[in-house]
Amino acid sequence: MSAYDVMPDMELFQPVTVEDAAALAERLGSRGWVLAGGQDTYGWLKDRAKHPKAMVDLSSIDVLNGIEETDGGGVKIGAMTTLREVSRDQLIRARYGLLAAAAARVASPQIRNQGTLGGNVSQDTRCWYYRRGLSCYRAGGNICYADSPEGMNREHAIFGASRCVAVSPSDTATALVALDATMVIQNTRGVHRVAAGDFFVGPAVNITRMTVLRPGDILTAIELPADWAHAEYYFEKVADRNVWDFALVSIAAAFRTENGTIRDARLVCGAVSCVPRRLTSVERAVIGKPRNDSTGEAVAALASEGARPLNYNHFKAPLMDNLVRRALRA
Amino acid sequence: MSYLHIGKNFTPPDIHGKVTGKARYAEDYSVDGMVYARLYTSPMPHARVVEIDADEALAMEGVFGILTAEDVYPTEAPAPTLLTNEPVYVGDPIFAIAAIDEKTAEDALKKVRVKLEPLPFSVDPVTSLKPDGPSARLEGNIYPREMRSLHWSAEDVERFVTGREPTGPAPSEWSYGDLEAGFDNAALILEESFVTTGYAHMSMEPRSVLSYWQNGRCHVHGSTQSQSFVVPFLARMLGIEQKDLVFVAEYCGGGFGSKISAYPVLAIPGYFSKKLGRPVMLRITREEEYYVGSARVGFQGWIKAGFTREGRVSAVDLYIVQDLGSQQAGGDASSAGGAISILYQPDAMRLRDVPVLTNTTPRGPQRGPGQNQIAAIFEPMMDKAARELGLDPVAIRRLNAPDSSATLNANQGPVTSAYMKEALDRGAELFGWSERIKKSGQRNGSKVTGIGVGQGYHSAGANGFDGLVRITPDGRIHLHSGVGNLGTYSYAATTRAAAEALKCNWENCIVHHGSTEENLPWSSYQAGSNTTFTHTRANYVAAEDAIRKMKLIAAQVLGGTPDQYDIADERVFDIGNAARSLTYGEVAAKAVELGGEFSGETWPEDIHEVTQRAVQGIAGTGLIGVAKDNLPVRGTVPGLTVGFIEIELDLETGKHEIVDFLAVAECGTVLHPLGLAGQLRGGAVWGFGMAGLERHVYDPQNGLPANVGYYQTRPPTYLDIPAHMEWSAVDIADPDNPVGSRGVGEPAMGSATAALMCALSDALGGHLFNRTPVTPDVVVNHVSGQGQSHGPLATNTF
């Protein structure tokens with residue numbers, strides 16, 4: 001064992017069309033690796049903890065870049081659009097400030113300049129055991145180091161554990177689920193669309209993947225419907241550091257209010273389970289209530305109801321509750 | 001006192017290289033035929049190497065060889081090893097492979113079959129101290145200057161982890177005064193148990209090294225805090241004479257205590273290069289830097305402190321279990337005791353110390369080793385005492401603060417001078433303490449204001465090192481600095497004491513540093529905040545020697561006696577007739593002509609071997625001023641600081657924001673204002689990290705480190721600190737330094753750590769966490785009334 005740090009040899013493909021990328025990805029199958037901004041990829045490869053034989057680099061495919069309006073008042077964001085562009089784009093800021101806020105809290109300015117929205121939602125978990133290259137369930141082995149009697153699991157899941165207790169590290173995923181986004185996926189068989197709420201998968205569904213993407217699939221775009229445009233938003237990410245850190249717990253919330261009461265709501269927590277966690281009981285409970293402190297106080301405890309903390313992460317339950325209070329107070 | 005250079009800003013000569021990118025660090029060097037080495041490090045926390053089968057790797061194209069423990073300098077446990085057959089932590093280097101490039105070397109590492117036999121291990125000192133606890137090394141589990149085994153009874157362990165007065169035997173102890181009487185005299189007695197994290201040094205420049213052999217001499221390009229001080233130690237490690245070592249370390253991308261002298265990695269390429277007959281470059285990865293780059297000693301401990309009704313500290317009983325990691329370390333506990341002894345001047349004190357080895361990353365001195373850990377714990381206790389006695393936090397510190405009659409350590413020795421009361425007064429005034437403290441506990445939504453004051457101390461000066469200056473016939477003044485360029489600019493700032501004595505223009509001065517080829521004098525280690533005090537003295541005595549020689553020459557050339565002459569405007573002149581004078585260049589030319597001591601053909605007997613070689617290297621090129629610092633020192637040289645802080649703590653998220661911070665230095669005469677500002681602000685950033693962010697976590701089941709990257713360890717980022725931090729200095733001269741200066745680097749961190757710890761406690765109504773770091777989860781758990789995740793006194797944990 002060693003601390004590897006040099007890119008190993010591998011084939012590099014730089015297609016200029018999605019069709020070619022999909023064909024390459026299909027042909028390479030599990031031997032291939034689809035490359036977006038590289039902020040997740042290069043760590044894996046340089047550490048020699050993942051061993052693809054070839055990379056399909058999407059950066060030369062122009063149609064994967066950019067933000068455009070869609071019919072019906074929605075917006076389509078190319079998967080290779082950088083997080084910086086998403087956070088700064090006037091259209092996104094005007095209509096979907098929640099996503100702009102989430103994208104602006106990803107990592108650091110350098111990483112946001114390089115990292116893409118597609119990459120951010122497709123990235124792998126940051127469980128430190130898994131990242132060390134240990135042969136855990138998620139890596140195809142038969143143990144979870146984090147969920148063991150003395151496992152060091154401060155940043156792990158309090159919901160949805162199923163052998164694996166890793167969490168989704170994506171800051172934008174919560175916002176996309178809250179906004180009812182649609183993920184556009186292309187492969188050699190064509191284009192299909194998946195709701196953001198179904199895009200992320202937990203270990204009970206597939207323990208070796210974080211999303212529905214399979215070898216051969218290319219995430220090409222994220223579509224935001226008009227339904228949640230111009231809503232009232234709240235985004236907050238609590239992390240140890242204010243730059244270059246993953247969430248301890250985050251919340252993305254959207255509210256539609258009428259005559260001072262909440263007509264509809266979406267509240268989604270990040271970093272508490274392997275997928276962005278819709279707080280459906282909170283959403284139901286706030287309908288018809290004003291968006292204020294007392295509503296927050298009344299419903300906050302619903303957020304963490306049913307949580308099953310591990311050795312070192314029971315702080316996440318009150319933190320979730322507090323973030324719900326704040327979302328309703330703001 | 002009015003100075004020409006002291007207390008004035010200047011542009012250190014390395015600045016241009018740093019801002020233009022032209023600075024050359026060790027890995028920027030390249031020589032013909034250079035090959036690259038990579039390390040194979042232990043995947044186990046403790047093991048015995050049974051077999052290394054490298055045949056397949058060595059048969060690969062582009063692979064040149066393997067270096068194992070049998071090839072290098074042998075050491076005795078628990079001394080650091082270059083390479084080992086008994087790895088004692090995950091990441092311990094076992095062997096190295098050299099190849100045409102790093103990728104080939106890494107490919108080759110994959111092909112080596114290594115058979116390891118696992119051995120018992122522990123990542124927690126108290127676990128090791130249990131009756132049947134595992135020992136970190138085959139030779140034992142404690143290191144009170146020698147390896148042996150120590151196990152407590154189950155009751156001892158239970159008492160310790162539950163925070164009661166420890167009964168477990170402690171192999172080291174010192175005390176002074178009548179402890180019992182001290183507690184009898186106390187109106188208030190506080191007892192607290194505590195834990196401080198021993199987190200990594202995280203040097204930005206991983207310790208890369210290039211080595212090659214030429215004409216029987218080993219050339220090493222490395223990254224070290226010190227320069228001349230490294231030479232004898234590295235030569236010994238390489239098994240060569242000092243004269244056969246060429247050591248280049250012009251720049252250092254941070255060491256923070258982990259690169260003070262010769263460390264094991266520094267010698268590996270030298271051995272490999274000799275074995276292969278090729279230059280060898282070894283670049284350490286970020287992850288490896290977390291293994292071989294050292295970490296702070298962790299504390300688990302207990303304190304009992306007595307206070308009189310007026311707030312005087314009457315007695316302190318301190319008990320510390322040190323986490324030494326897997327190799328030789330220590331001294332932090334005693335330094336912690338020393339810090340308490342000077343900062344609060346207790347009438348009586350005892351320190352008991354249990355230095356325990358664990359199978360974690362090697363530890364070493366990290367900025368304020370011991371002093372800063374205890375500042376984080378004891379300063380909030382001072383606030384607790386102030387609350388219970390109805391005193392103001394600044395007032396209770398002022399009451400106990402050291403002045404020039406202060407004593408410290410077990411021997412209750414004197415200090416050269418100390419003006420801590422003045423520092424507290426200055427800070428309180430600038431910070432507006434009396435108004436600011438009224439904001440303590442104010443609520444603003446979910447946020448609550450916390451106000452804190454913290455003190456820091458470190459001994460800050462040594463003596464007995466050499467200075468070397470040279471004036472060449474062209475009139476230039478060459479200031480030879482054996483001080484390493486650790487990032488504080490002290491290598492250049494201290495030479496200004498020579499320029500001051502020589503009354504010369506800085507523009508005419510050339511600072512030589514960064515390589516043995518530059519003929520540098522024997523110098524202290526660049527650590528322990530000592531350089532400013534130590535090397536202003538050494539430079540001063542060298543300049544005085546040059547002045548003495550210039551006057552002798554003037555008398556010889558112009559007539560009269562040396563004492564008729566003085567210097568000014570880079571001339572030696574007759575005091576009675578200033579027209580009778582020689583320029584420095586003319587004197588230098590005459591020195592070359594005269595030879596002998598004037599031009600360095602002879603030298604004082606008491607200078608170090610390193611300085612003797614430096615003088616030989618420049619002999620005959622000008623007038624040489626060289627001397628050992630034999631100036632008197634009346635006591636310990638204290639470096640003292642105070643930090644004042646205002647924070648807002650969000651009770652819902654556990655996050656704090658630093659609203660304002662002020663640092664006040666008590667370091668004698670300010671030598672270099674911009675350098676001092678950098679020390680105070682940089683130290684504060686580090687201190688904020690220790691108090692609120694930085695981690696050192698091990699999985700106790702597998703001995704695996706969880707923090708092997710910046711994002712996992714979490715040093716503060718730009719947005720975790722205030723955009724502006726004010727500073728000030730007391731600026732009263734220390735009588736034992738010719739320019740009045742003392743060092744201050746380490747306490748600058750300790751006082752910031754302490755201030756933030758105090759403010760966090762203040763925001764929570766005086767709750768003491770007695771633990772670093774206080775991270776958001778710890779605050780959320782406390783505020784929500786649920787227990788903490790970590791076990792009592794657990795270390796290397798979340």
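The C-alpha centres of domain 1 of chain B and domain 3 of chain B lie 37 Å apart. The contact takes 22 residues from domain 1 of chain B and 22 residues from domain 3 of chain B, two residues being in contact if their C-beta atoms, placed from the backbone, lie within 7 Å. On the domain 1 side, strand β10(B) (residues 245–248) gives the largest share, four residues. Sorted by class, that side of domain 1 has 10 nonpolar, 10 polar and two charged residues. Here Ala, Val, Leu, Ile, Met, Phe, Trp, Tyr, Cys and Pro count as nonpolar, Asp, Glu, Lys and Arg as charged, and the others, Gly among them, as polar. The model is a predicted one, in which local features need pLDDT of at least 70 and side-chain atom pairs count only at pLDDT 80 or more, while totals for chains, interfaces and linings use all residues. Residues are numbered from 1 along each chain as its sequence is written, and chains are lettered from A and ligands numbered from 1 in the order in which they are written.

As for where the domains run, chain B is split into domain 1 (17–119 + 204–292), domain 2 (298–461 + 635–783) and domain 3 (464–628); these bounds come from an automatic or database domain assignment. Helices (H or I, at least four residues) and strands (E, at least two) are DSSP runs, numbered from the N terminus.

One open sheet of chain B has seven strands, in the order β3-β4-β1-β11-β8-β9-β10, with mixed pairing; strands pair if DSSP finds at least two bridges between them. β3 and β10 of chain B sit at the edges, each pairing on one side only. From one strand to the next, the twist averages 20°. Within this sheet, β8(B) (residues 209–214) and β11(B) (residues 280–282) pair in the antiparallel sense over three bridges, with S211(B) standing opposite V280(B) in β11(B). Two helices lie across these strands. α7(B) (residues 230–238) lies across β9 (217–221) and β10 of chain B and runs at about 125° to β10(B), whereas α8(B) (residues 264–276) lies across β1, β3, β4, β8, β9 and β11 of chain B and runs at about 40° to β8(B). For such angles, axes are lines fitted to C-alpha atoms, for helices over the stretch in contact, and values run from 0 to 180 degrees between N-to-C directions.

A second open sheet of chain B takes five strands in the order β17-β18-β26-β27-β30, and its pairing is mixed as well. Its edge strands are β17 (443–444) and β30 (726–729) of chain B, each pairing on one side only. Helix α20(B) (residues 673–692) packs on this sheet and touches β26, β27 and β30 of chain B, its direction making about 135° with that of β27(B). On one flank, β26(B) pairs with β18(B) (residues 447–459) in the antiparallel sense over 13 bridges, and I451(B) stands opposite E646(B). β26(B) and β27(B) (residues 656–666) are also antiparallel, over 10 bridges; F661(B) is the bridge partner of I645(B), and A663(B) stands opposite G643(B). The hairpin of β26(B) and β27(B) has five residues between the strands, and G654(B) there takes a positive phi near 80°.

Then there is a helix pair: α17(B) (residues 531–558) and α18(B) (residues 584–594) pack at about 85°, with axes 10 Å apart. That makes the two helices roughly perpendicular, a label for 65 to 115 degrees (under 35 is roughly parallel, over 145 roughly antiparallel, the rest oblique). Among the residues making the contact are M550(B) and I553(B) of α17(B) and V587(B) and L594(B) of α18(B). By class, the contact has seven nonpolar, no polar and two charged residues.

Finally, the contact between the chains takes 38 residues from chain B and 31 residues from chain A. On chain B, β1 (35–41), α3 (102–111), α9 (286–292), α21 (710–713) and α23 (776–783) each supply at least two residues. The chain B side divides into 15 nonpolar, 11 polar and 12 charged residues. Seven of the 10 residues of α3(B) are buried, so this helix is largely enclosed by the rest of the structure.

Notes
Buried ≥ 20, exposed ≤ 12 C-beta atoms within 10 Å, placed from the backbone.
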